[in-house]
Amino acid sequence: FPSRLSLSLCLLGINKMAGIFPQDPALPIGSTLTATCSVSPDLGLHASSLFWSLNGRRLPSSSYSVLSPTALSVTLPGLPASRQRSGDNLVCHNHGGHVLAGSCLYIGMPPVKPVNLTCWSRNTKDLTCRWAPGGQGETFIKTKYTLKYKLRWYGRERECEEYNAAQPYSCYIPRDLALFTPYEIWVEATNQLGSATSDVITLDILDVVTTDPPSGVSVSRVGDLEDHLSVRWESPPALKDFLFQAKYQIRYRLEDNSDWKVMEDVGNQTSCRLAGLRPGTVYFVQVRCNPVGIFGSRRAGIWSEWSHPTAASTPHSERVLSGSCDSKSGDYNSTLRRELKQFFGWVRNHAYGCGGMSIKLYDQWRVWMQKSHKTRNQVLQGDKS
């Protein structure tokens, strides 16, 4: 008999001429079930001619009991978890294999209290919440999760309606949200074996705002400085009319490397200097935003997504590495380079990143040092000729 037919029995229900009891039971994993198939005498069938199948596989006759000429039972000990959330198919057949009746078995676990409920608002216009199922998460039978919310001091309880099939433990509330008033939010999980409710979280929309990523991100060279790039961007457009400050983060990586380096201390400015880069190299740069103090909120917001990667390359180094012509020249160059290295290190420590300290001095020093290297290399090349 075709298994495809048995897999659809959960939709067929009970045949008027035959039936299975119990019909569509829900049982904990490990339970023992005794089911009975009863047929109408009008069918002219004797119970001993019937047989059972589970999910398309015939069950052994040793598990059967003839209760009467029209009733055949089967006993299933230690039931494992359902193979499919829509239920396992227990089917009663006549001797020719035709389906007489079917029942869906829901073998699983009651839900455990949902955990890790978090919510965020995109530009104060909506609210998205996400959570995780409690325990091991798997109940093996269909479990419904319902996000509920209400204003803390007044208002009726409401249910979120827009669930994401791609992210089953999340829900989106697109509109009609109040500002300056806290909400109570929780999740209820229910299935045929029980129910469980998460802890209630309380939040104000203004305290969980995230923004669109910064727009207009551009990356450019800084003159001939081979280890610098300048990054500029614009504040998130949707929040330009709000009273808030933003803090930003930048991350960048080499073209041939998947590891990002994050700059944490960008602050609330909309430009930054990346220093200490590799000459003649393509870098990918991204920026993200965290809104702080929207309409006077005392909490920082939530980091936005990263902006689309923007690429730029540092200039190629024009330094020529060559050996010294004599010991005096070598000693002089060694001493000079050591002193320059010490001073360069000091300047770099004070000018690195986006703090803005000594950037002008640092630029002047780097340009001078590059010119100095060119001049010395030209002299050394002239002496060799």
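The protein has three helices and 26 strands, where helices (H or I, at least four residues) and strands (E, at least two) are DSSP runs numbered from the N terminus. This is a predicted model, so to speak of local features pLDDT of at least 70 is needed, side-chain atom pairs count only at pLDDT 80 or more, and totals for chains, interfaces and linings use all residues. Residues are numbered from 1 along each chain as its sequence is written, and side-chain values use heavy atoms, with hydrogens and water left out.

Now for the overall picture. Of the 385 residues in the protein, 45% are buried, meaning under 20% relative accessible area with a 1.4 Å probe, protein chains only. Taking contacts (heavy atoms within 4.5 Å) between residues at least 6 apart in sequence, 65% join residues at least 24 apart.

On to the strands, which count as paired if DSSP finds at least two bridges between them.

Another antiparallel pair is β6 (residues 64-68) with β7 (residues 71-76), joined by four bridges. A hairpin of two residues links β6 to β7, and serine 68 has alanine 71 in β7 as its bridge partner.

Technical notes: Buried < 20%, exposed > 50% of the residue type's maximum accessible area, 1.4 Å probe, protein only.
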